[in-house]
Every structure is written in structure tokens, then in C-alpha cells.
Amino acid sequence: PTCCLPGMDYVALYNKWECPRVLINVTGFGHCDILDKVPYDGCVVTHACKTAPGNHTLYRDYMQGLVSAFFTGTLQNNWDEMVPYFTQQAHIPLPLGNLTVDVGCHDHSEPEH
């Protein structure tokens with residue numbers, strides 16, 4: 001089942017943001033798969049959102065690393081080291097359904113003054 005309000009899916013939300021922004025949709029996982037056991041079990045029972053069998057630890061670890069890399073790049077202006085972790089398939093250990101990156105508002109080559 002779709003667990004978002006009409007017009008508020010991940011593409012609509014991405015389109016509302018401005019640079020820097022990243023849209024990553026991995027296949028084989030659902031929204032509930034990032035939850036701890038008790039809320040996950042509730043999701044499975046109620047069918048509130050899609051769940052999937054699979055390596056939830058890998059999914060959770062990657063998502064935590066992705067958010068950390070994005071915020072480290074954004075808040076600490078550490079783009080050169082962080083951008084590959086959310087822009088290059090070689091650094092994304094999960095199958096991608098969609099990858100859209102808009103970080104061009106940051107000049108990666110200019111030193112801070």
C-alpha cells in the first residue's frame with residue numbers, strides 16, 4: 001500500500017526543496033524497514049506501509065551513513081569527501097531505483113575564504 005498522502009510522495013518532496021538536495025530510492029525495502037523491531041512488527045501486522053524481507057541491518061546502516069554524509073557535506077562544507085557516498089553507485093551497497101543529485105550550488109573546487 002501507499003503510505004503517503006497524495007501529492008506528498010518522495011518525488012513531490014524532492015521537487016519542493018532547493019539545492020543541495022539528493023533523491024535516493026533503493027529497491028527492495030519499504031518505509032517500515034528502517035524501524036526498530038516493535039514498530040516494524042506493528043507495521044507488518046497493520047500493513048501501514050510496505051515492508052520487505054531482506055537485510056534490514058544493511059539498509060539501516062546505509063541510510064544512517066547516507067544522512068551523516070549529507071549533513072557532514074552540507075553543514076561542515078566537506079563536499080569533496082562526502083559527495084561520493086550519496087552520488088556514486090560504487091559507494092551505495094543497495095540496488096538503486098532512482099538517484100537524483102542536485103549539489104551544484106556548492107563549488108567543490110574553491111577554498112573557503
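Trainee: Which residues are buried in α3?

Mentor: In α3, His-56, Tyr-59, Tyr-62, Met-63, Leu-66, Ala-69, Phe-70, Thr-72 and Gly-73 are buried. Buried means under 20% relative accessible area, with a 1.4 Å probe and protein chains only. Helices here are DSSP runs of H or I with at least four residues, and strands are E runs of at least two, numbered from the N terminus. This is a predicted model: local features need pLDDT of at least 70, side-chain atom pairs count only at pLDDT 80 or more, and totals for chains, interfaces and linings use all residues. Residues are numbered from 1 along each chain as its sequence is written, and side-chain values use heavy atoms, with hydrogens and water left out.

Trainee: What covers the buried residues of α3?

Mentor: The cover includes β1 (21-26), α2 (37-46), α4 (79-82) and α5 (84-87).

Trainee: And what does Tyr-62 touch?

Mentor: Leaving out residues up to four places away in sequence, Tyr-62 touches Ile-24, Tyr-85, Phe-86, His-91, Ile-92, Pro-93 and Leu-94. Contact is heavy atoms within 4.5 Å.

Trainee: Switching to the ends of α3. Which atom of Thr-57 does the Asn-55 side chain reach?

Mentor: A side-chain oxygen of Asn-55 comes within 3.2 Å of the backbone nitrogen of Thr-57, at the start of α3. Just after α3, Asn-77 has a positive phi of about 50 degrees.

Trainee: How many residues does α3 have?

Mentor: α3 runs over residues 56-75, which is 20 residues, and reaches 28 Å from its first C-alpha to its last.

Technical notes:
The expected span of a helix is 1.5 Å times one less than its number of residues. Buried means under 20% relative accessible area, exposed over 50%, partly exposed in between (1.4 Å probe, protein chains only). A polar contact is a pair of N or O atoms within 3.5 Å; within protein, one must be able to donate a hydrogen and the other to accept it, and residues adjacent in sequence count only if both atoms are side-chain atoms.
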